[in-house]
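Please look over the sequence and structure before reading on.

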Amino acid sequence: ITQNELNDLVFEVTVLSDTKEISTNLPDEIINEIKIGRDGLIIEKNSQSGLLLPQVPVEYNWDVKDFLNHTCHKAGLPSDSWKDKTTKISKFQGVIFREILPNGEIIREKFQ
């Protein structure tokens, strides 16, 4: 991005809450712990990790399994790594602020 392009951009910032580890490693229970549109995910295994914001599955119309699979992929892991008992899954919430237009009014986005 060049300085000349800045006036054409719309900025969005997501302020993240503290994370909460999902304490079960049973796939059905993991799925029940996550709410699309409210939760973001962090998946960690060994030295690899991936994070997706709460708005991502809403924008792509993913269900919880898709969200978990894509977060694993972002971490560079096989998509079904979230089912592995050694994989750490954490969730968080986010508050989204964005400009309506470039250099315009800033609003708080409502996703839930």
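## A buried lysine and its partner

Lys 45 has a relative accessible area of 16% and counts as buried (buried means under 20% relative accessible area, exposed over 50%, partly exposed in between, with a 1.4 Å probe and protein chains only). Its side chain meets that of Asp 84 in a salt bridge, 2.6 Å from N to O. Lys 45 belongs to strand 3 (residues 39-45) and Asp 84 to the loop between helix 3 (64-74) and strand 5, so the bridge ties together parts 39 residues apart in sequence. Asp 84 is partly exposed, at 28%.

A salt bridge here is a side-chain nitrogen of Lys or Arg within 4 Å of a carboxyl oxygen of Asp or Glu. Side chains of opposite charge can pair when their charged atoms come close.

## Basis of the model

The model is predicted: local features need pLDDT of at least 70 and side-chain atom pairs count only at pLDDT 80 or more, while totals for chains, interfaces and linings use all residues. Residues are numbered from 1 along each chain as its sequence is written, and side-chain values use heavy atoms, with hydrogens and water left out.

## Overall build

The protein chain contains three helices and six strands, in the order β-β-α-β-β-α-α-β-β along the sequence. Helices (H or I, at least four residues) and strands (E, at least two) are DSSP runs, numbered from the N terminus. The C-alpha atoms fill a box of roughly 50 × 30 × 25 Å along the principal axes.

Of the 112 residues, 32% count as buried. Among contacts with a separation of 6 or more, 66% are between residues 24 or more positions apart; a contact means heavy atoms within 4.5 Å.

## Charges and other salt bridges

The chain carries 13 positive and 18 negative side chains, and the centres of the two sets lie 6 Å apart. Lys and Arg count as positive and Asp and Glu as negative, leaving out His and the chain ends; each charge is placed at NZ of Lys, CZ of Arg, CG of Asp or CD of Glu.

The structure holds five salt bridges. One of them joins Lys 91 and Glu 33 at 3.6 Å, N to O. Lys 91 lies in strand 5 (residues 88-99) and Glu 33 in helix 1 (residues 27-33), 58 residues apart. Lys 91 is buried at 10% relative accessible area, whereas Glu 33 is partly exposed at 32%.

Asp 39 and Arg 38 also meet in a salt bridge, at 2.8 Å from N to O. Asp 39 is buried, with a relative accessible area of 0%, and Arg 38 is partly exposed at 28%.
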